[in-house]
Amino acid sequence: MTNHAAPQSNPDQAGAASLQRLTKFARDIGHPTSLPIIAERILSGLSDASRHSQGLLYLLDRERECFRLVNVPTPTSLITAPPVVPLKHPLVQQLADRQDILDSSVLADSLRTTLLDNTADAQFATLPINLAIPLLNRCQLIAFVVLQSQKESTVIPSDTLGLLTAMAQSAANALDSFLLYEDLRQSQVLMRRTDRLRSLETIAGGFAHEIRNPLTSIKTFIQLAPERKDDSQFIGEFSRIVLEDVNRIERLIQEILDYARYMEPQLTDEDLNEIVSSCLYFIQVKADSRGIKIEKDLAPELLRGMLDRQQIKQVLLNLLLNAMDAIGDKNGTLRVRTTRLPKVGGEMWMQVQIEDTGHGISAENLDHIFDPFFTTKYASTLNEGTGLGLTIAHQIVREHRGEIQVQSTEGSGTTFLINLPSHQG
Ligand SMILES: Nc1ncnc2c1ncn2[C@@H]1O[C@H](COP(=O)(O)OP(=O)(O)OP(=O)(O)O)[C@@H](O)[C@H]1O
Ligand SMILES: [Mg+2]
C-alpha cells in the first residue's frame, strides 16, 4: 500500500494548509447556480485533497428512490459509470450505515460480499474504487462521491481523512441549499401559473358578463328591425348602437387575447429610468394637447434590475394614461419620480411613483380598481375603458416579484407606487 499524503514539515503548517483548502473549497461551492458546476467543483476539491485522479458524484433522487449520476461539464472520469444506483446497493447501504468515508479495504469487502443481480451493482462491483465519501445532511445520505486513481489502492492518512470529512460536510450543505433553492424556484413558478389560471378564470367569468349587455341590445334591435325597416331614424340609431356594441365586444376580445397570449416574463438586465423616459416620450404629445404638465424627477443613480421591458412599459403606460384620464381637461400635473428604496432584509427596491392631480378615487372604488372589468370609464366618458388595465398591471408586477400600491384622495389626486426588485444593493 502506498501513502500519498504530502510530507508536511510540521503539524501547524499542515493544519493551516488544510484550513486554507477547506475555506477555498467552501467558497468555490457556495455560489454556483447550476448543479453540474457545483458537482464539478466538489469532485475536483475532493480529488485534489485526497490525490485521486477521477471521481463521480451521485445525488439522491427522492422521487425515483435511487442515486443518480450528476453529469459534469468536463468529465475527468474514465470509469464507465452506471447512471443510476439503487438504494439497496451495498455501497449505498454501507455509506448510510457507517456515515463515514470508506477506503479501498472496506470497499473491496463490501462490494465483493454482496453482489446483487443488478446491472448497477455488477458494474460497481467491478470498479476499482479507492474511496467512497458520503455527503450527509441531518444524518441522511443525500449524495456520495466515489474516487479512483490510476495507482494501486491507497491508504489515506488520518489528517487527510479529517479534512475530507469537513469538505464533505461543506459539500453536503452546499448541495442541500442548492436543492432547496431549486425547490423554492419551482414552487414559485407553479404558484405563478396557478395564480394566472385563477385570474384567467375570473376574467373569463367577467368577460361572459360583460358581453351579455351589448349582445342583448344587438339582439333587441335585430328583433325589432323587420317591422321598423322603413323608420329611417330607427335604422340610423340601430346602426350607431350596434356598431358601438360590436366595437366594445371586439375590444374585450382583443384584451382577453392579449392576456391569454401572455408569456412568462423575458427578463433582461434593464435600466428602469430609461424605460420610464421612453414611456413619457410616448405620452408627451397627448399631454401637451390636453394642457397637462409632466414633471419628471428620475433618480440620479442607476436603477437596474431584471425586467421584461415590454411588460413594464405596458404597466407604466396604463398608469400614465389612467392618470391623464383622471386629470381630464383640467390642466393638471402628472409627476413621475423614480427612487431607490431599501427593502426589509437588506435588498433594494427601485420605485416608480406616478402622481396625478386628477379626480381621485372614492374609498369604495379603491377596493375594486384591480378587479377585472372594474371601470368608471363608460361610453359617455373621454375614453371608454375595459377595466382590465390595472388587473394586468398588477399581474405583471407580481410576476416580477414586485408590489403595486395606491394612495388616493377623492377630489385631489392619486399616486401609484410600483416597487421592483433591483439587483444593485
Ligand atoms: N389615476 C387614477 N385616478 C383616478 N381613478 C383611477 C386612476 N387609475 C385608475 N382609476 C380607476 O380605476 C379604474 C380601473 O382602471 P383600469 O386601468 O383597470 O381600467 P380602465 O382604465 O377603466 O380601462 P382600460 O385600462 O382597459 O382602458 C378606472 O376606471 C378608474 O375608475
Ligand atoms: Mg386603464
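Helix H9 gives the most to the shell around ligand 1, with 4 residues; helices here are DSSP runs (H or I) of at least four residues and strands (E) of at least two, numbered from the N terminus. This is a predicted model, in which local features need pLDDT of at least 70 and side-chain atom pairs count only at pLDDT 80 or more, while totals for chains, interfaces and linings use all residues. Residues are numbered from 1 along each chain as its sequence is written, ligands are numbered from 1 in the order in which they are written, and side-chain values use heavy atoms, without hydrogens and water.

In total, 21 residues surround ligand 1, the closest being Thr375, Thr376, Lys377, Thr386 and Leu390; a residue counts if one of its heavy atoms lies within 4 Å. By class, the shell has 8 nonpolar, 11 polar and 2 charged residues, where Ala, Val, Leu, Ile, Met, Phe, Trp, Tyr, Cys and Pro are nonpolar, Asp, Glu, Lys and Arg charged, and the others, Gly among them, polar.

| Side chain | Ligand 1 atom | Distance |
|---|---|---|
| Asparagine 322 | oxygen | 2.9 Å |
| Aspartate 356 | nitrogen | 2.9 Å |
| Threonine 386 | oxygen | 2.4 Å |

Taken alone, ligand 1 exposes 600 Å², of which the protein buries 92%, by the Shrake-Rupley method with a 1.4 Å probe. Two or more shell residues come from each of helix H9 (309–327), helix H11 (389–399) and strand E15 (413–422).

Elsewhere, cysteine 139, in the loop between strand E6 (131–137) and strand E7 (140–148), has a positive phi near 65° although not a glycine.

Key:
A polar contact is a pair of N or O atoms within 3.5 Å; within protein, one must be able to donate a hydrogen and the other to accept it, and residues adjacent in sequence count only if both atoms are side-chain atoms.
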